[in-house]
Each structure stands twice: as C-alpha cells, then as structure tokens.
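Subject: Structure handover

Hello,

Here is the structure I promised to pass on. My notes follow below it.

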Amino acid sequence: MTSASAGLEFVLNGEPVQESGIAPQTTLLDYIRGRGLTGAKEGCAEGECGACAVLFVKAGLNGAAYQSVNSCLVPLPAVAGQELYTVEALTECGELADPQRAMAERGGSQCGYCTPGFIVSMFAQQQAGHVGRFDPAALGGNLCRCTGYRPIREAMQSLGPPRDTPLRRRLGSAAPAVLPVDYESPAGRFSRPCNLSECLKLAAGDPASRFVAGNTDLGVMTNLRHARFPHLISLEGVPELREFHDGPRCVEIGAGLTLTEIEERWGEAPDFFHDWLRLFASPLIRNRATLGGNLATASPIGDSAPLLLALDAELCIAGPEGERAVPLHSFFPDYRRTSLDRGEVLRSVRIPKPLPAVTHFYKVAKRRVDDISTVAAGISLRFDDSGSIAAARLAFGGVGPVPLRVFEAEDAIVGAHAPDLSRVKEILRRTLHPMSDHRGSSAYRLAMAQSLLDKFFWSTESDRRSNQR
Amino acid sequence: MTFSGQPLSHESAREHATGEALYTDDLVPRFSNLLHAWPVLAPHAHALVVRLDANAALREPGVAATLTLADVPGEGDSGSNRHDEPLFPSEVTYHSQPVAWVLGDTLEAARLGAARVAVEYRALTPILTIEDAIAAESFHSGPFRMRRSSSDGAADSAIARSPHRIAGQLAIGGQEHFYLETQCSIARFDETGGLLVDSSTQHPSETQEIVARVLGIARHQVSVQCVRMGGAFGGKEVQANPWAAIAALGAWKTKRPVRVRLPRHLDMALTGKRHPFLAKFTVGFDGDGGLRGVDLKLYSDGGWSLDLSDPVLWRALFHCDNAYLIPALDAAGWVCKTHKTSQTAFRGFGGPQGMMVIEDILDRIARTLGLEPARVRERNFYREGDVTHYGQPVKDAARIGRIWTELKQSSDFEARRQAIAGFNAVTPHARRGIAITPVKFGISFTATFFNQAGALVLMYRDGSVQVNHGGTEMGQGLHTKIRQLAADQLGIALDAVRVMPTRTDKVPNTSATAASAGTDLNGAAVVDACRQIQARLVPIAAGLLACDDAAVRFENGMVLGNANSLPLAKVVDHAYRARVPLFAHGCYRTPEIHFDPKTATGKPFHYFAYGAAASEVEIDGFTGEHRILRADLLEDVGNSVSPLVDLGQVEGGFLQGIGWLTVEELLWDAQGRVATAGASTYKLPSWPEMPEVFNVAFLERAAEPGVVFGSKAVGEPPLMLAFSVREAIRDAIAAFGEQGVVELDSPATPERIYRAIEAARASRKAPVSPAAGAVRG
C-alpha cells in the first residue's frame with residue numbers, strides 16, 4: 001500500500017466525482033445533501049428509519065445489483081471507487097421510476113419526508129426481481145409516521161418486473177471492485193487494505209487505529225455520541241474475511257461478509273437461519289452489517305451470539321502471530337469486551353456439522369421487527385438413537401453483561417426424553433441476573449428466559465407430535 | 001368537472017416521490033455563509049446556573065459567535081402564554097435544557113465550541129413523576145372542574161346510591177411525535193433588511209410573534225415562511241418557536257443566515273410530547289352496566305413549562321364521556337409541573353387520554369358484571385336529544401348507534417366473537433380477543449377566538465391563480481383539499497391553481513393549523529375569497545356573453561351563459577381593463593360557538609366527528625407479544641373533499657394510535673433524562689403493527705351542513721379508533737383467566753401484557769373470593 005492520499009474518487013448518479021479535505025467521519029448523507037441532493041433525509045442518524053437510503057451498485061452472485069443502504073451510516077471515504085445513486089437519479093428523462101409512480105398514485109406519501117427512502121428500498125427490491133410476492137420485511141428498515149403503511153404495501157405490490165431503462169441496463173456490466181484506499185484529511189485517516197497481511201500490518205503500525213466493517217455500530221457512535229476515530233481500517237476489501245465454505249464438517253462464514261451476502265451464499269441454510277435474518281435487521285442494515293462486526297462489538301443484546309452459541313460456533317481469529325480458534329462461548333470475557341487482542345481481527349465463524357436436530361432462535365422485543373432484543377435466545381437439541389436428549393444448548397442475550405450459555409441448565413436437560421423444566425427454570429432463576437432498563441425489567445427478562453424455554457419445548461413437542469401423525 | 005370529492009393524490013405526491021419536495025433544512029445548500037447552531041446542554045433536570053462563561057467557545061476554530069442572555073435585545077423567553085420558557089435560563093428545569101448556544105461555520109465546530117463552554121451548576125432535587133408532583137403539590141394549574149348532576153344528585157351521591165361500584169386508576173403513557181422531519185429553522189435578513197425565518201412550524205404567526213418578542217421589534221419586521229413540514233402532529237404547534245427564536249437571534253447578532261436543526265436525539269430530549277396522564281376514578285352503575293355516576297380525577301404531566309397543557313387538559317375533560325351519557329359526573333383535572341420536557345399538543349390534544357379512561361372503565365364494568373363489553377358500551381351511548389356534561393347538545397347522536405350497527409355487521413363481529421371463544425377453548429398458549437369501540441370527537445378550538453381563518457387569492461390576467469391561506473401543510477393534505485375547493489369554486493383546472501407556501505406576509509394573525517380544523521377554517525376562507533373574485537367577474541362575463549348575471553357559470557376554465565362561452569382568461573382580461581380588482585381577502589369564523597371556563601359550560605364545538613373500529617388480536621402467552629389480526633374502521637368524514645387524503649388520515653391516525661397504545665413507550669431515567677431519546681430505543685409502528693386484514697370505510701349519507709363541501713374534520717378522530725386494539729388486547733388477556741377485570745396501564749408493551757396475563761392466570765388458580773362474588777351479585 002502506498003502512502004495516504006488526500007483524494008477520493010467515486011461515481012455519483014452516473015458522474016465521476018473527486019473530493020479531498022473532507023473529514024473522514026463525514027457521512028455520505030451529509031455529503032450528498034451538501035451537494036444539493038436533498039432527496040435523502042436525516043430522520044434518525046442511526047440507521048433505524050431509512051429516510052437517508054441510497055443505492056450502491058454492488059457485485060452479487062448473479063452480477064451487479066442495486067443495494068439499498070442507509071447513507072447516514074456510510075463514512076464518505078468508504079465510497080471511494082464505488083458507484084452510487086440517489087433518489088434524484090431514479091427519474092430518468094423526466095419519467096418517474098415505477099416505485100415513484102406507484103407511490104405518487106396510490107397515496108403512498110403524506111408528509112413525503114420518508115418517501116425517497118421508501119422509493120430507494122422499493123427500487124432495489126424491484127430490480128432484484130422481488131415483485132408480485134411482497135415481503136413487508138423487505139421495507140422493514142423504512143419508517144413512515146403518516147400513512148399506516150397500507151398504501152405503501154399496495155404500491156409495492158403493484159410493481160411488475162423492472163423495465164428496460166438506462167439504470168436497468170447499467171446492471172448489465174460489472175459492479176466496481178472494492179479497491180485499496182488510504183485517505184487522509186486533517187481530521188483523520190481512513191484505510192481500506194485489500195489483503196489480510198496488509199490489514200494486520202496497518203493495525204500493528206498504528207496503535208490508534210480501529211477496525212471497521214459495515215459501520216452500522218461505529219457509525220451510530222460517530223453520529224450520536226460524536227466519537228471520532230483518528231484512523232479507521234476498513235475490512236470491506238479484505239478477501240480473506242469474505243470467504244464462504246459449506247463443507248462436510250462445518251460451515252465457515254467469513255467474518256467480513258455482510259448478512260445479505262451470507263444469505264445469498266448459504267443456499268442450503270436451514271429455516272431457522274432465514275427466520276433469524278429477518279428478525280436481525282432490515283435489508284438496509286443487512287446490506288452493510290457483517291457477522292464479524294456483530295460479534296466483535298460484543299453487545300450483550302447482539303442477535304448473532306445467542307444463535308451461534310446454540311450452534312457451538314467457533315471463531316477463527318487472525319493476528320500478527322498467525323491464526324487461532326476460540327469457541328464462541330469463551331469469546332466474551334466481560335461487558336463489551338472480547339478475547340481479541342490488539343491488532344487481531346475476526347476472520348471467520350465456523351458452525352460445526354451436523355447441525356443440531358432442533359434449533360430455534362427467539363427474540364422478544366417491543367416491536368416485532370427491526371428492534372433491539374429485550375431478550376434473545378438460541379436453543380438447540382441433539383438426540384441419541386433412543387430419542388433422549390444427547391446435547392442441549394441454552395444461550396441467551398439480554399440476561400447478563402454478555403451473551404451467555406447456561407451450562408448447568410444444559411446439563412439438567414441432557415439424558416431426558418422430556419426434561420424437568422421446572423428444575424431447569426429454577427437453575428435459570430438462580431444463575432441469570434439481568435438488569436432493568438428501558439427495554440425491560442430484570443423480572444421480565446428472567447421470566448422471558450424461562451418462558452422461551454417453555455415455548456421451545458412446547459413447540460418442539462408439538463412439532464414431533466405432528467410429524468408422528 | 002369538479003375536483004372536490006375525487007380521490008386525488010397529494011398535491012405534492014410527485015415531488016415527494018422524486019425527492020424534489022423541499023423542507024426547511026433542504027434550503028441549507030443555498031446559503032454559502034450559513035452558520036450552524038449547537039446548544040450547551042445542562043446535565044441536570046433541576047439546577048441553578050451558578051456561573052456560565054461562553055467565551056471559551058470562541059477559541060474553537062470555526063466558531064463565529066455565542067448566544068447568551070446578554071445578546072437578547074428583547075425578551076429572552078419563548079413561552080407562548082405565560083412567558084415561562086426562558087431561552088437562557090438561570091434555573092435549569094429539565095434535563096438537557098439549553099443554557100447557551102454556539103454558532104459555527106460547521107456543525108462540528110459549533111458542537112466542539114459548545115463542549116468548551118464552562119458552566120457551573122448547583123443541583124436541586126427534581127420532580128420526575130406525576131405521583132411526586134401530586135405529593136409536592138407541584139401544579140402548573142388546576143383544578144379545572146366539570147360537573148353535572150342527575151336525579152340521583154351530584155356524582156358522589158349518584159355513585160353512593162348505585163347498586164354497583166368500582167374504583168381504580170389508570171396510568172397513561174405519553175407519546176413522542178417522531179415527525180420524520182425534526183425541528184428546524186433558518187433565519188436571515190432579507191433584501192430589505194427584514195428578518196425572514198423559514199421554519200417547520202404549524203403556527204407561523206406565533207413563531208413570528210415570538211421572534212419579534214425576543215428581538216424586541218415589531219412583528220411587521222419579521223416574516224415567517226413554512227414551505228411544508230415533514231410531519232408535525234401537534235409537535236410544531238408551539239414547540240417550533242424556541243428554535244426559530246434562536247436562529248433569529250443568531251442572524252440578528254451575526255448578520256449571517258443561521259440554521260437551528262435538532263438532530264433526532266436532541267429533538268427527543270428537548271421537545272415536548274403527548275402528556276402522560278394518571279387517572280383515578282370511582283364509578284357507580286346498574287346491573288345492566290348503565291352508568292349512574294363517575295368521579296374522575298385527571299393528572300397530566302405538563303413538564304417544565306405550561307405550554308398548551310391547559311387546553312389539553314380541558315379537552316381531556318370535554319372528552320371523558322367519549323360517546324357515552326354519564327348522568328352524574330364530577331371530573332377534575334390538574335396539570336402537574338415536573339422537571340421534564342414540556343408536554344404539548346399531539347393529535348387528539350388530551351381527548352385521547354380522557355376517552356381512554358371511560359373505555360377502560362366500561363370494560364371493567366362489563367367484566368365485573370359478567371356482561372359483554374360491547375353491550376355495556378352500547379347501553380351507555382348518547383341518544384338524540386342528549387346533552388354533554390358541558391351543556392352542548394350532542395348533534396347527530398344517532399350516528400353513534402348507526403355506525404355501531406353498520407360496523408358490527410360489516411366486520412362480522414358476532415360470528416367472529418363466537419369463533420374466538422372456540423379458538424381460545426382449544427389453544428393452549430395463545431388467546432385471541434376482539435373489541436369494538438366508538439369515537440365522538442368535538443371539532444373546533446376550545447379557545448373560541450382561534451376559530452378564524454384568512455385567505456388571499458390572487459388571480460392573474462391569464463386566469464391562473466395563487467392561493468395563500470393561513471394553514472400549513474404537514475402531510476395531512478390541506479393544500480390538496482384547498483386546491484380542489486378553489487378550482488371548483490372558480491371553475492378552473494387544478495393546475496391553474498397554485499397553493500403557495502404559508503407566509504405571514506400574505507395572511508396575518510393566523511391560527512395554528514391544528515384541532516383537525518385546517519380545512520374547515522382555511523377552506524372556507526379560500527372559498528370566500530374565490531367567491532368574491534367570481535362575483536366581480538360575473539357582470540363582466542354577463543356583458544360579454546349577453547346574458548343575465550344569474551345565468552353565468554364557471555366551468556372547466558370557461559365562462560358560460562346564454563349558450564355562449566368564453567375562456568376565463570378572456571373574461572379576466574376584460575375585468576382587468578375595466579379596473580376590477582382580481583384579488584380578494586377571504587375570511588371565515590366558525591359560527592355559534594362559545595365556552596365559559598368559569599362555569600365549564602357552553603357550545604365549544606361546531607360539530608362532532610364520529611367513528612368506530614372493531615379489532616381482533618392474538619397474544620402469545622409465553623411472551624406477552626401480540627399481533628393485530630384484523631381491524632375494521634368506519635369513520636364519519638361527512639362528504640369527503642378528498643377521499644384518498646382522508647383515507648390516509650384515517651389509516652395513519654389509527655396506526656399512530658396503535659403505536660401510542662402498544663409499542664411506543666416513553667421513559668425517563670432516574671436523573672430525568674429521556675431514556676428513549678432515539679429511534680433505536682423508541683419504536684414507532686412498523687409493518688407488523690399494521691393489521692393483517694385492514695378494512696376502512698366512510699359513513700355514507702353523512703354530509704355536514706355548515707361546513708365547506710359538507711365535509712368533516714378527519715385529522716385527529718381516527719387516532720382514537722385504536723382503542724379497539726387496546727380493548728381487544730384486554731379481551732384476550734381476560735381469556736387467559738376467568739374473564740375478570742383486566743388492569744392494564746398504557747402502553748400495552750409485551751412486558752405489561754405478560755404481567756396482566758400472569759395476574760389473569762393467578763385469578764384462575766385462586767378460589768373465588770366471597771367479596772368478588774358479592775360484587776357480581
């Protein structure tokens with residue numbers, strides 16, 4: 001990698017753009033609005049409302065695709081070498097794009113402030129071929145305060161296959177590659193190395209540096225808590241973190257893959273994984289957020305840890321000394337801390353095979369989608385030939401300072417056909433000490449941990465019964 | 001062709017969809033030397049400011065100026081009535097209250113400058129709950145009282161003589177407006193030296209008044225413009241004013257354009273919300289559920305300043321009857337003064353809180369007596385000829401029953417109720433519930449003088465028209481309706497009418513766009529102005545067409561008479577040459593309304609908007625989570641001027657009500673900080689909150705005489721249709737137990753529902769107590 005450069009180049013609405021001197025924490029949203037592209041709005045500055053959505057042209061498994069992204073969570077230097085479109089570009093030669101026309105004709109806008117964001121999300125869905133069968137969750141990252149959503153749903157459902165327009169034809173050629181970046185302004189530095197050894201070397205050489213992947217968590221700290229990072233090292237371009245392998249012994253998921261990419265690549269993923277993805281976040285977040293990022297932020301209420309704990313996941317960590325493997329259950333030593341040493345990066349997540357016979361992910365939250373868990377649970381069972389429980393995993397988020405497994409409760413389940421749940425719940429009562437906060441009281445969180453156990457065994461039992469019929 | 005009554009899209013729908021529609025903050029790139037403002041926030045809910053040195057901020061590169069009380073040429077207060085909102089307080093009265101402001105070339109510079117400002121505080125004890133305020137007798141105002149007596153005497157004796165009595169209380173949570181566009185103002189000097197303020201405000205005239213007050217100048221030196229708002233819902237009725245005042249003060253001091261925009265987390269921390277309420281009640285009733293007497297005490301959490309809390313509380317008292325005759329009533333209300341954000345107007349304006357209490361009570365009565373809640377509600381409906389507790393005849397009271405009957409039929413209510421009982425009997429860990437609830441909502445500002453509006457209509461020589469009126473556009477479709485009404489009145493095409501941004505230099509002394517009355521008031525004023533212009537054109541046209549004045553008609557951009565026709569532009573041009581003025585000032589004042597707060601009687605409302613909703617929910621017994629399976633709404637919108645707009649108001653209001661009653665939980669922490677000050681902690685309704693089956697209809701044959709186009713107000717009333725969801729949730733909770741009384745504070749979060757389920761299950765396990773038996777007997 002060469003020395004840091006002061007310039008950035010990218011393609012905005014089809015036109016090449018060059019910029020320099022802009023502070024690296026500047027969001028893409030602030031940048032485009034400053035250029036007069038004010039269709040994208042700031043509604044929340046934390047990736048919850050989708051009013052700032054824009055489109056990136058990204059490489060998918062089937063060629064170039066439009067990906068909708070919250071521009072409030074994209075630091076401007078991350079756009080280097082990329083190609084993006086704002087809502088203003090969707091009206092081509094004075095003709096409204098299908099989602100624009102559908103929304104305008106069907107009462108899909110009232111105050112209109114959220115509308116461009118909805119249009120962008122819908123446009124990406126239509127271009128991806130998700131038409132006719134409407135999945136509301138696909139627009140789950142866009143909030144509307146006026147309409148009650150019904151006309152937006154109808155606008156979405158009315159869309160046909162994408163028409164032959166210049167923007168459609170754009171997908172016929174390849175998406176821009178993710179190239180190395182080393183950008184510097186007086187306010188800080190942003191590097192995007194494009195191989196692992198370069199990445200580790202950069203981190204080792206700058207003790208003030210910090211890794212960033214999708215920026216869906218750091219971006220919130222930047223925007224809301226005004227955290228400023230002197231040197232961000234983006235993992236977006238490191239191919240070693242972006243591998244996916246579905247082998248006979250394990251599924252290995254690159255820590256730098258976005259959730260959308262994982263969904264695309266894990267064709268054989270079990271149902272619970274798809275259910276989990278939908279509960280995890282909206283496409284606007286899934287298009288940027290990575291599995292590694294969700295684990296490395298070590299949130300006690302992150303949604304990936306409980307499921308991965310229930311699957312006995314193991315982490316592959318890369319560092320200056322080489323690679324090492326750590327079981328996920330020993331990855332979180334304390335609140336918001338991980339066993340990553342300085343300069344180390346999560347390379348991949350390995351899920352051993354065969355998968356458990358039964359796995360469920362539960363998330364209790366005030367709102368059913370796109371909310372942060374009050375309590376999340378990953379529960380799995382393996383059976384022996386006699387039908388007794390050979391192994392159990394009880395993993396929770398939101399019941400302590402870190403995502404955790406309750407080993408004692410797992411032991412109490414093993415060996416039984418039908419475990420003594422009151423005993424297991426007593427163990428949970430004794431060992432879990434959740435806190436009270438705005439998401440839920442300690443008592444409710446404990447009750448949910450116990451209740452989800454009941455729900456799991458009740459639904460597993462009723463599934464079994466219906467299978468026997 | 002006529003446009004009124006047609007289901008047209010919002011007049012800005014295309015611009016919304018393309019991103020071309022501009023909001024106040026979208027104007028920023030137009031100013032090269034604009035300054036950004038950031039506040040110095042007090043880290044206490046209650047404290048004295050001992051020392052404040054803002055100069056340190058000036059050492060931050062890019063900081064242009066600071067704003068403190070010393071910079072205020074006029075009065076440093078933005079409180080609309082009581083002047084109780086110091087912009088630069090010496091005593092901090094809510095957490096994060098701004099004590100000074102910093103202006104920078106960039107927002108980052110202003111923020112870093114603000115961080116440098118040294119402030120010394122002496123912390124004082126805050127009052128953070130309604131209960132603590134009551135204990136400390138910390139009230140902004142009250143008691144306000146409304147009483148009526150029956151043949152049993154006053155409420156207390158009517159209750160004492162009733163065969164059944166219950167007492168209880170209900171805690172009602174507030175609600176964050178969460179307009180997608182946060183508070184924003186840009187102030188600058190215009191080309192003539194006047195101050196021009198672009199503001200996202202529902203009340204430009206009051207914003208103008210406050211800016212003039214703070215600068216100590218006459219109002220004619222200040223113009224306020226509101227292009228459009230990205231939602232408001234009451235949250236920009238008075239709460240836009242302080243930010244406009246700070247922007248104006250900054251422009252005054254620096255002679256540069258100044259932008260004040262609150263990012264979401266500041267907007268939520270600093271601005272007022274829907275009032276939380278605590279209600280305490282004692283009720284007497286008959287064996288068939290008929291109300292005999294109600295004693296009601298309402299405590300609203302007003303927060304740190306008075307704001308609109310008095311009329312909000314009055315509206316709660318006006319609406320504590322909802323659609324029901326309460327023969328004897330003693331309702332008293334207090335506005336609690338707490339060290340929290342200053343609670344303010346929010347769609348429904350206290351009406352929802354008052355109405356929720358009586359709905360809660362009626363369900364308790366039904367379950368106490370073992371009766372079906374819908375029958376108890378029906379039993380207590382107002383009938384034709386009844387009078388409210390404030391002495392106003394209930395106009396069209398029969399509509400309550402008509403809507404009820406039609407909705408029960410169209411929603412298949414009875415059959416579904418039976419089916420739900422069947423489902424609940426065989427389903428182990430889930431319960432369904434169904435409920436139907438009515439709405440009666442009074443239309444007019446209860447402060448009578450606000451019920452006036454003005455319009456300025458300008459016709460140009462080509463026949464095209466600019467319409468100015470005092471109302472603001474916040475997404476509710478006011479401009480769409482105004483355009484339809486003006487085009488029809490003038491007989492011209494829609495695109496010949498341009499509705500202008502709301503400006504105080506076009507129509508002065510306007511009322512807030514609020515109380516659902518935007519179209520009633522401004523629409524009537526616009527029609528009045530159009531009629532005046534038309535009346536002046538008639539003799540000109542009659543001369544040109546060689547017909548009587550009475551035969552002249554205006555249609556499709558043509559003027560017709562005596563089998564002849566002329567393009568309107570031609571007639572207009574003749575009128576111009578004949579020196580006929582082609583502009584007119586229209587006005588409107590709502591007739592025959594009055595209210596005397598001393599006696600709490602009068603006819604405060606022009607009419608009532610009615611509606612009803614039937615909703616069905618399913619609750620997960622493991623977690624307390626719920627789903628809304630189906631909702632059927634029937635709303636009385638009169639003759640709808642704009643059916644697509646009204647449908648949007650009904651659906652959107654309903655979902656916003658669902659949000660208030662279920663997912664939206666406002667919390668403050670022990671220090672008095674808003675604990676849910678952001679989109680990640682405060683959840684708006686999203687797709688799953690939309691009912692899986694969602695049917696909305698308007699009442700037919702419902703023209704409202706004396707209102708423009710025979711239409712009715714629609715902004716607020718549908719919000720309260722969401723009570724059907726809350727009551728359906730209580731119905732489902734009751735089914736986890738023995739159908740007993742369900743105590744459920746609001747909002748009905750999964751945690752509260754879960755606790756109520758646990759209570760219902762416990763009642764099933766516990767032996768029936770003799771006392772409970774006696775009540776039922």
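In this predicted model, helix α5(B) passes helix α6(B) in a right-handed crossing. α5(B) covers residues 204-215 of chain B, and α6(B) covers residues 241-254. Their axes are 9 Å apart, and the packing angle is about 45 degrees. On the α5(B) side, the contact is made by B:Glu206, B:Thr207, B:Ile210, B:Val211, B:Val214 and B:Leu215. On the α6(B) side, B:Asn241, B:Ala244, B:Ala245, B:Ala248, B:Leu249 and B:Trp252 take part. By class, that contact has nine nonpolar, two polar and one charged residues.

Staying in chain B, look at B:Leu521. This residue is found in helix α14(B), residues 518-545. Is B:Leu521 buried or exposed? B:Leu521 has 31 C-beta neighbours inside 10 Å; the cut-off for buried is 20 or more, so B:Leu521 counts as buried. Leaving aside neighbours within four places in sequence, B:Leu521 is in contact with B:Asn451, B:Ala453 and B:Tyr588. B:Arg589 is 68 residues away from B:Leu521 in sequence, yet the C-alpha to C-alpha distance is 7.3 Å.

Next, the strands of chain A. Strand β7(A) spans residues 188-192, and four of its five residues are buried, so β7(A) is largely enclosed by the rest of the structure. Which strands does β7(A) pair with? One is β6(A), residues 181-185, which runs antiparallel to β7(A) and is joined to it by five bridges. Here A:Val181 stands opposite A:Arg192. β6(A) and β7(A) form a hairpin, with two residues between them. The other is β9(A), residues 231-234, which runs parallel to β7(A) and is joined to it by three bridges. A:His231 of β9(A) is the bridge partner of A:Arg189.

Last, the interface. In chain A, 63 residues are in contact with 60 residues of chain B. On the chain A side, the elements that give two or more residues are α2 (98-105), α3 (115-127), α4 (150-157) and α15 (442-468). α15(A) gives the largest share, eight residues. By class, the chain A side has 29 nonpolar, 20 polar and 14 charged residues.

Best wishes

Conventions: Residues are numbered from 1 along each chain as its sequence is written. Chains are lettered from A and ligands numbered from 1 in the order in which they are written. This is a predicted model: local features need pLDDT of at least 70, side-chain atom pairs count only at pLDDT 80 or more; totals for chains, interfaces and linings use all residues. A residue is buried if 20 or more other C-beta atoms lie within 10 Å of its own, exposed if 12 or fewer, and partly exposed in between; C-beta atoms are placed from the backbone. Two strands pair if DSSP finds at least two bridges between them. Two residues are in contact if their C-beta atoms, placed from the backbone, lie within 7 Å. Ala, Val, Leu, Ile, Met, Phe, Trp, Tyr, Cys and Pro count as nonpolar, Asp, Glu, Lys and Arg as charged, and the others, Gly among them, as polar. Axes are lines fitted to C-alpha atoms, for helices over the stretch in contact, and angles run from 0 to 180 degrees between N-to-C directions. A crossing is left-handed if the near helix is turned anticlockwise from the far one by less than a right angle, and right-handed if clockwise.
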